[in-house]
Amino acid sequence: MLTLEWESEGLQTVGIVVIIFASLKLLHLLGLIDFSEDTVEDEMEMATVRHRPEALELLEAQSKFTKKELQILYRGFKNECPSGVVNEETFKEIYSQFFPQGDSTTYAHFLFNAFDTDHNGSVSFEDFVMGLSILLRGTVQEKLNWAFNLYDINKDGYITKEEMLDIMKAIYDMMGKCTYPVLKEDAPRQHVETFFQKMDKNKDGVVTIDEFIESCQKDENIMRSMQLFENVI
Amino acid sequence: MAAGVAAWLPFARAAAIGWMPVANCPMPLAPTEKNKRQDELIILNVSGRRFQTWRTTLERYPDTLLGSTEKEFFFNEDTKEYFFDRDPEVFRCILNFYRTGKLHYPRYECISAYDEELAFYGILPEIIGDCCYEEYKDRKRENAERLMDDNDSENNQEGSMPSLSFRQTMWRAFENPHTSTLALVFYYVTGFFIAVSVITNVVETVPCGTVPGNKELPCGERYAVAFFCLDTACVMIFTVEYLLRLFAAPSRYRFIRSVMSIIDVVAIMPYYIGLVMTNNEDVSGAFVTLRVFRVFRIFKFSRHSQGLRILGYTLKSCASELGFLLFSLTMAIIIFATVMFYAEKGSSASKFTSIPASFWYTIVTMTTLGYGDMVPKTIAGKIFGSICSLSGVLVIALPVPVIVSNFSRIYHQNQRADKRRAQKKARLARIRVAKTGSSNAYLHSKRNGLLNEALELTGSTEDEQHMAKGTSLIESQHHHLLHCLEKTTNHEFIDEQLFEQNCMESSMQNYPSSRSPSLSSHHGLTTSCCSRRNKKTTHLPNSSVPATRLRSMQELSTIHIQCSEQPSLTTSRSSLNMKSDDGLRPNCKTAQITTAIISIPTPPALTPEGENRPPPSSPGHSTNISTTTTSNIVKVSAL
């Protein structure tokens, strides 16, 4: 008699215990309960990168800037990025401050890739100086080379219409919405067509570096505008 | 534009070479640095402590004391340094503002001293960075409240009050009983009657005395008349009070909706309903229930007690926390009730007849009450019952202190969240203003810049100096950069309102086929609103004219510059007086460019005072001007 009762009760108890543990496990699975301790830090501290640039003399030899110019450049650079390198986010932020009306993130992305010559995701002061050295003190050939490199997104040596369209859209994005005359949807595309008509000599749908340099050298406006920023520093 | 970012401007300009091969039209000339001098260190001596910085660092903010020529007043010739007889501690923060572009507020500083220093150096407190802005605002508000309190107590002591209307005095008397003795009397009388009414309600139900027939009568039925009279008196007082408050309330609608007035109404309603209703058997049941609402009179005490009000408010603000506690308790109750039910199912004569019936056991056990009317009999039931009571202790005892501290934390947090939200709007507005400010600065100086070139052509020099006054080199370089972008894409920057008007106009209007008739017909409108700060739609017809040329995406080889009235850039108010035509025509050397943006809201830093003058109202002389202007169209080849 007693054993019968205990049996039924025992079974019931076991059943109930099983149900409880199962429900607890279910809650744990759902993430409502956490049994383990919080040992894993969710936020990995960003490894603060401290980058020290090469010596002043070395940079002076490599670039076409004087010591004083390099000093001024570095002071501005370090002021904005105390860690010594610029990552893409910071770059985009800085660049967007110059173009408040539009969205300059896409163009800043392309620009970042153009400056980040070793493609390590950050622009150090050396990259910065080398880029500026070409842009401000280089020969026209070098500048055009740099521009070609900017347009050639996948760096395969050819500018296709799609790449140019991306670049063009990025530039037009920087204008923003409130322009005069009103920006039409196909304005970038039309611009790309004009560009290709001018640059693509053999009409094969891509622009190579030679075609690019040749066409640019023929255009007076472009040649003149290349000299525009000589006295920036 | 932040100061630190100004250091990146050369980089952004160099990167603009990337636009050059793409552009179809020639780029504008770069601004030259007229007096490019070597950057020099300047020494700032603040009460003996010497700070040194580059001159260009200070020149980043030309509208402050240190950035402008105002600091020359403090130049000490003998020691060749700038001497300021001010606090050096605060100066540290101010100099850091020039260096980093962020103004910080040190917590140990007194708020009024800091404000004075900021005012001295010509820095607006709104520039304080987000990290310190909240603290600054808090301190400022505390200070303001303290000053206000001081002023109030002064006023009260003086006793001089402006004459208020009878209604306003009544409302003041109701809200602050301390203002006059009458108000105080009223306050105490109502308090007394509330107490009387509540006590009456309570005593009514006490059985007092027996009546032959072994029935204990409650006092309410024994002394029915007396209680009725008391009730009537109380209700009359409450009604009169409610009506008086309703009369005196500044906003009756809001008063009716307020909690206190609802309590008042609920408190006196049962009496009136009871008067109206007859002694019907069916209805009297409901009537009895209505009498329960008389207990709400006790809430009327909350007008008299500050503590009750605070408690009510904190409960309201902690509602979410309480709700969560309730939810977790409900979860636990349901779980344990289910467990207990199934555990006790086997035993005979078990009180746990259903799961809802087990709720009562669970609640009683978890709150450690333990009435004992329901007890488990099986082993499993007892095991789970003990688990239930143990967890009950935890579930209930733990959150209570947490809730108590949550009260204060959530209370403050709510206030801080509201503050932050309010500040967020202000912050976003500031950012927006800064953005529009910089783009407006560009639009404004673009006009100035083109004006400048036209002026150079026509040879008048006095306006040039006014133009050059406002823009620093960095600004002109930035504007040149934006100008290059415009040239690259063959589109121009305009401000939002013009853009919207353009959109509306273009949807309504067709482009005029011939240029000249539209020009002359719209000329009057343009010139009549010569103040380019007016964002009127009358500029639009004129702007649609060159639109036909621009929309063809040709190279801008020529820019038509038309003579019009004197632009309001000179500060002399006499020239702005539009009464005389004669005063205008000789001044018509300066140009207004039709292709450029015509009306721009001016940024505050750059505008001289006499900007927003009313447009000349008479159309008469505008036609005169139009006749002269059509003959003065100057074609300028693109730069």
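Contact here means heavy atoms within 4.5 Å.

Now the ground rules. This is a predicted model, where local features need pLDDT of at least 70, side-chain atom pairs count only at pLDDT 80 or more, and totals for chains, interfaces and linings use all residues. Residues are numbered from 1 along each chain as its sequence is written, chains are lettered from A and ligands numbered from 1 in the order in which they are written, and side-chain values use heavy atoms, with hydrogens and water left out.

Let's begin with B:Ser197. What does B:Ser197 touch, not counting residues up to four places away in sequence? The partners are B:Cys234, B:Phe238 and B:Arg297. Look at B:Arg297 in particular. B:Ser197 and B:Arg297 are 100 residues apart along the chain, yet their C-alpha atoms are separated by 7.6 Å. B:Ser197 sits in helix H8 of chain B, residues 181–204. Helices are DSSP runs of H or I with at least four residues, strands are E runs of at least two, and both are numbered from the N terminus. Is B:Ser197 buried or exposed? B:Ser197 is buried, at 1% relative accessibility. Buried means under 20% relative accessible area, exposed over 50%, and partly exposed in between, with a 1.4 Å probe and protein chains only.

Another serine, B:Ser347. This one lies in a loop of chain B, between helix H15 (319–344) and helix H16 (355–366). B:Ser347 counts as buried at 17%. With residues up to four places away in sequence set aside, B:Ser347 touches B:Lys377 and B:Thr378.

Stepping back to chain B as a whole. Chain B has 25 helices and 10 strands. Of its 639 residues, 41% are buried. Take the contacts in chain B with a separation of 6 or more: 70% of them join residues 24 or more positions apart. The accessible surface of chain B is about 34700 Å², and 61% of that belongs to carbon and sulfur atoms. Those areas come from the Shrake-Rupley method with a 1.4 Å probe; for residues, only the protein chains shown count as cover.

Next, salt bridges. A salt bridge is a side-chain nitrogen of Lys or Arg within 4 Å of a carboxyl oxygen of Asp or Glu. How many are there over all chains? The count is 21.

Here is one in chain A. A:Arg137 and A:Glu69 form a salt bridge, 2.5 Å from N to O. The two are 68 residues apart, with A:Arg137 in helix H6 (residues 125–137) and A:Glu69 in helix H3 (residues 67–80), both of chain A. A:Arg137 is partly exposed at 24%, whereas A:Glu69 is buried at 15%.

Over to chain B. B:Lys300 and B:Asp264 meet in a salt bridge, 2.6 Å from N to O. B:Lys300 is in the loop between helix H13 (281–292) and helix H14 (306–317), and B:Asp264 is in helix H12 (residues 259–276), so this pair ties together parts of chain B that are 36 residues apart in sequence. B:Lys300 is buried at 2%. B:Asp264 is buried at 2% too. Through shared partners, salt bridges join B:Glu241, B:Arg245, B:Asp264 and B:Lys300 into one network.

Now the cores. A nonpolar core is a set of buried Ala, Val, Leu, Ile, Met, Phe, Trp, Tyr and Cys residues joined through side-chain atoms within 4.5 Å. The largest has 77 residues. Which members touch the most others? They are A:Tyr95, A:Leu111, A:Met164, A:Phe212 and B:Trp19. Helix H8 of chain A (residues 161–175) gives the largest share, nine residues. At least three residues come from each of domain 1 (56–137) and domain 2 (139–232) of chain A; those bounds come from an automatic or database domain assignment.

Take A:Leu111. Neighbours within four places aside, A:Leu111 is in contact with A:Phe91, A:Tyr95, A:Trp146, A:Leu150, B:Phe11 and B:Ala15. Apart from this core lies another, of 28 residues, including B:Leu44, B:Phe84, B:Ile123 and B:Ile128.

Last, the record. An unreviewed UniProt entry annotates "domain: EF-hand" on residues 103–138, 139–174 and 187–222 of chain A. UniProt positions are in the numbering used here, feature names are shortened, and annotations may be inferred rather than shown by experiment. Residues 103–138 of chain A are 67% helix and 8% strand, with end C-alpha atoms 30 Å apart. For residues 187–222 of chain A, it's 72% helix and 8% strand, with the ends' C-alpha atoms 21 Å apart.
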